[in-house]
Amino acid sequence: MSILQVAATILLVLGGFFYFAGTVGLLRFPDVHSRLHALTKADNLGLGLVCLAMALLGGSWRGAAMLLVIWLLGLLAATVSCHLVAQAALEPAAAGDGGSGGEAIAPMGRSYGGADAVTEASAEEADATRRRTGAWPDGSIAEQPAPRRSADTSSGASPADPPTPRGDP
Amino acid sequence: MNTLLEGFALFLLLNLGAGMIRVWRGPSPADRMSAALLFGSTTVAMLLVLAEATGQPALADVALLFVMLAAILSVAFVGLARGKSTGKRG
């Protein structure tokens, strides 16, 4: 095993760690924006490390340049995608509350209004989310209860999601 | 070395499988889309590793193509969400 291979192995293991961190973040984090945050950062660092390891193993400058292009394109794609998906996650609340859809960020203080479907448990959850994160726009919070409930009735109580709504059939 | 590379590709494949849990559970379309972002970057890395393990440089070209298409995917998602969000809510 040459020294290049040792270095590539170390880089691969590091890259695998970051990929694993990204996946765990996607599964465990409480809302869309933190999931996106974990995913795009960690995975692209992992991709960079894997590209570096492959460049060391490949041993040609042409292959290394191509891996560099792949990594840079991956960074660009992740940045654009993260921004677009995060904005799309904010928007439906603004449109659903009767706005014209032009405003991406709804004013604060509406997260409990317009919520005939919000049960006590999910209001608690929204409260906890607000306390933890400070000033979220209400889109992600007012959005949560209904879809989460429907997901829970189909898949049962999930151990990976810490705040499960209580009192549901 | 080949064993290590193949094992690493398998590990990435398991990551993809774990990402399917998020696709399944949702709850919002943006969550499912972020799982698709995970698939994009993990697939690229897997293809690069497999290109090295199997000695087929063409797989690296496939990875280049995937990474180019990754951004288009989310642009399409945003357009779709805008078209849909007026009808279903309320």
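Here the two of them talk through the model.

Mentor: This is a predicted model, where local features need pLDDT of at least 70, side-chain atom pairs count only at pLDDT 80 or more, and totals for chains, interfaces and linings use all residues. Residues are numbered from 1 along each chain as its sequence is written, with chains lettered from A and ligands numbered from 1 in the order in which they are written.

Trainee: How many helices and strands are there in chain A?
Mentor: Chain A has six helices and zero strands, taking helices (H or I, at least four residues) and strands (E, at least two) as DSSP runs numbered from the N terminus.

Trainee: How many residues of chain B are in contact with chain A?
Mentor: 43 residues of chain B are in contact with 47 of chain A; contact means that C-beta atoms, placed from the backbone, lie within 7 Å. Helix H1 (2-25), H2 and helix H3 (58-88) of chain B each supply at least two residues of that side.

Trainee: And H2 of chain B, how many of its residues are buried?
Mentor: 20 of the 26 residues of H2(B) are buried, so this helix is largely enclosed by the rest of the structure. Buried means 20 or more other C-beta atoms within 10 Å of a residue's own, with C-beta atoms placed from the backbone. H2(B) covers residues 29-54 and reaches 36 Å from first C-alpha to last.

Trainee: What comes just after H2(B)?
Mentor: B:Gly55, with a positive phi of about 70 degrees.

Definitions and conventions:
The expected span of a helix is 1.5 Å times one less than its number of residues. A residue is buried if 20 or more other C-beta atoms lie within 10 Å of its own, exposed if 12 or fewer, and partly exposed in between; C-beta atoms are placed from the backbone. Two residues are in contact if their C-beta atoms, placed from the backbone, lie within 7 Å.
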